[in-house]
Structure formats: C-alpha cells, structure tokens
Amino acid sequence: MLRIDGEVEEVIEFSFEELAAFPADVQVLDVGRFNPKRPGDGITLDGLLDRVRPKSTATYLTLHATADDFAASIPLAAVRAEGIVVYRLNGQPLPLEKGGPVRFLIPDPAACHTDELDDCANVKFVDRIELTAGRGRDTRPDDEDEHEELHRREAESQRA
Ligand SMILES: Nc1nc2c(c(=O)[nH]1)N[C@H]1C(S)=C(S)[C@@H](COP(=O)(O)O)O[C@H]1N2
Ligand SMILES: [Mo]
C-alpha cells in the first residue's frame with residue numbers, strides 16, 4: 001500500500017495492517033480536527049521515517065501519487081516534524097474520495113504555491129514516499145492559472 005524508498009537504510013512497503021500496528025505514540029487520531037474536510041487517522045511522518053532510517057544524504061521528501069501522476073518534493077528538515085500520513089477512516093482504509101488509501105497531511109499548510117509546505121503538498125493517493133538527495137519530482141502548479149486548471153481537471157475526473 002505504501003512504499004518508502006530512495007536514500008534510506010531499509011526500503012519498506014507498509015500494508016494497512018502494518019500501519020495500524022504502529023505504536024500509539026506515533027498514531028495521530030482524528031486529523032479532522034485540523035481540517036474537517038480531511039478526516040481520518042494517521043501516523044507521524046517522523047514515526048514512519050524512524051523505521052526506514054533516512055541516510056544523511058537524504059535532503060528532500062518526494063511524495064508520489066501514481067494514480068493521477070502527481071508529485072511534490074519538499075525539504076525533509078522542514079516537513080519531518082510536521083507531516084502526517086493519513087491511512088484510516090472509521091477503522092477502514094481511507095477511501096479514494098478522501099484521497100486514500102494514503103494521503104499526506106500538513107496540518108497548517110501555507111496557501112497554494114506560496115511556500116514549500118503549501119496546501120498543494122497535501123498529496124492524495126500517495127503510494128510511494130521517496131527520500132532524495134536534492135529536490136525530486138514535483139508537479140505542483142507554480143502559478144494561479146496552472147492551479148485553477150489542475151482543480152478543474154480534478155473536479156472533472158470526480159464527476160466521471
Ligand atoms: N494526487 C493528488 N494530490 C493532490 C492534488 C492532485 O491533483 N493530485 N492536488 C493538490 C492541491 S493543488 C491541493 S490545493 C490539495 C487539495 O486538497 P483537497 O482536495 O482535500 O481540497 O490537494 C493536493 N493533493
Ligand atoms: Mo493547491
């Protein structure tokens with residue numbers, strides 16, 4: 001369900017059950033308290049990364065969504081203590097319409113395309129987290145026209 005690879009000591013693929021089995025101190029219950037439109041339970045990014053052990057060469061975290069070919073790459077130091085990986089809603093895998101089965105969440109993001117940790121970096125349908133030396137793939141829009149176009153396409157695919 002979620003593969004973490006790249007500049008890490010150990011590449012690991014986590015299933016839903018394995019994510020649910022993480023200890024309570026790294027589980028973040030009810031992330032909907034940050035934004036009611038984005039409900040669920042998650043794990044701290046830091047807790048996940050402790051398992052794969054990023055190498056000292058890893059400077060960026062690249063979130064990949066194969067489903068719609070979207071990616072965001074953010075400086076590891078800035079996001080490590082902030083990020084949450086949301087994977088569960090009502091005891092079940094996070095549904096597709098909520099961005100599941102795995103969605104990245106920055107609880108207090110900057111407005112779209114104003115910062116590295118912006119709302120656009122809240123990647124949905126994440127199937128791979130890659131640690132990279134330097135910036136990795138990033139398909140986030142960099143101006144308001146591109147951003148509008150992206151959301152128009154998203155709304156269209158939801159109707160389909
Ligand atoms: N996989 C994927 N994740 C994505 C996007 C996308 O198009 N595909 N859009 C991003 C953008 S630009 C924004 S502003 C937020 C919107 O999240 P929401 O749908 O929960 O409002 O998701 C981000 N995550
Ligand atoms: Mo966005």
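Predicted model: local features only at pLDDT ≥ 70, side-chain atom pairs only at ≥ 80, totals over all residues.
**View 1. Ligand 1 and the residues around it.** Ligand 1 sits in the largest pocket, where 16 residues surround it, the closest being Arg38, Asp68, Arg103, Asn122 and Lys124. By residue class, the shell around ligand 1 divides into seven nonpolar, three polar and six charged residues.

**View 2. Polar contacts of ligand 1.** An oxygen atom of ligand 1 lies 2.6 Å from an N or O atom in the side chain of Lys124, and a polar side-chain atom of Arg103 is found 2.9 Å from an oxygen atom of the ligand. With Asn122 the backbone is involved, as one of its polar backbone atoms is 3.0 Å from a nitrogen atom of ligand 1. Of the 540 Å² of accessible area that ligand 1 has on its own, the protein covers 86%.

View 3. Helix α4, which spans residues 144-159, gives the most to the shell around ligand 1, contributing four residues.

**View 4. Leu19 in helix α1.** Leu19 belongs to helix α1, which runs over residues 16-20. Because its relative accessible area is 1%, and buried means under 20%, Leu19 counts as buried. Leu19 and Leu2 are 17 residues apart in sequence, and their C-alpha atoms are 9.2 Å apart in space.

Notes. Residues numbered from 1 in each chain as written. Chains lettered and ligands numbered in written order. Heavy atoms only, no water. Near = heavy atom within 4 Å. Polar contact = N/O pair within 3.5 Å; in protein donor to acceptor, adjacent residues only side chain to side chain. Areas by Shrake-Rupley, 256 points an atom, 1.4 Å probe, with all protein chains shown as cover. 1 Å grid on protein atoms, 1.4 Å probe; cavity = no way out; pocket = protein on both sides within 12 Å on 5 of 7 lines; lining within 4 Å. Sits in = over half its atoms within 2 Å of the grid points. Helix = DSSP H or I, 4+ residues; strand = E, 2+ residues; numbered from the N terminus. Nonpolar A, V, L, I, M, F, W, Y, C, P; charged D, E, K, R; others polar. Buried < 20%, exposed > 50% of the residue type's maximum accessible area, 1.4 Å probe, protein only.
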